[in-house]
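Dear colleague,

I am passing on the structure below, and I would be glad if you could look through it together with the notes that come after it.

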Amino acid sequence: YRGRGSGNSNARILRHLLCRNTALEELDLEASGLTHHGLADICAGLRHNSNLRTLNLQGNFLGPEGGKMLVDFVLWMCQSGSSGMRCINLSYSSIGFHGVQQLMHLTGRSVVDSRVPHVS
């Protein structure tokens with residue numbers, strides 16, 4: 001998925017694929033050029049998939065708007081009983097402190113692992 005056109009236009013296509021593939025367990029969209037616009041399509045497609053365990057959004061500029069979308073998506077997962085998600089990687093996605101706080105509250109986590117490898 002990486003490096004092929006605009007991340008947001010690819011997300012529109014991916015939305016339709018996610019609606020049809022309900023067996024997907026891992027989705028790696030690291031550094032794929034997504035913004036909150038593309039994330040809206042991804043979340044819409046993932047509402048049809050209760051098997052997804054891992055979602056990697058690292059390195060996409062989702063911004064605070066994307067943080068709110070993720071909070072809404074996680075809240076929907078909790079309310080719908082679709083609680084299979086185990087890991088969402090949001091490193092370097094700029095969702096903001098408020099988005100991180102809300103996600104921590106929803107998931108019951110009190111610590112976010114934000115370690116960055118040391119570069120010499």
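Predicted model: local features only at pLDDT ≥ 70, side-chain atom pairs only at ≥ 80, totals over all residues.

Residues are numbered from 1 along each chain as its sequence is written, and side-chain values use heavy atoms, with hydrogens and water left out.

Helices (DSSP runs of H or I, at least four residues) and strands (E, at least two) are numbered from the N terminus. Helix α3 covers residues 63-80, and because 18 residues at 1.5 Å a residue should span 26 Å, the 26 Å between its end C-alpha atoms agrees with expectation; the expected span is 1.5 Å times one less than the number of residues.

Among the buried residues of α3 are Leu70, Val71, Phe73, Val74 and Met77, where buried means under 20% relative accessible area and exposed over 50%, with partly exposed in between (1.4 Å probe, protein chains only). Seen down the axis of α3, its buried residues fall within an arc of 165°, so they line one face of the helix; the arc is taken from the directions from the helix axis to the C-beta atoms. The face turned away from that buried side carries the exposed residues Pro64, Lys68 and Gln79. The buried residues of α3 pack against α2 (36-46), β3 (87-89) and α4 (96-107), contact being heavy atoms within 4.5 Å.

In helix α1 (residues 7-20), the buried residues include Leu14 and Leu18, and its buried residues pack against β1 (26-28) and α2.

Best regards
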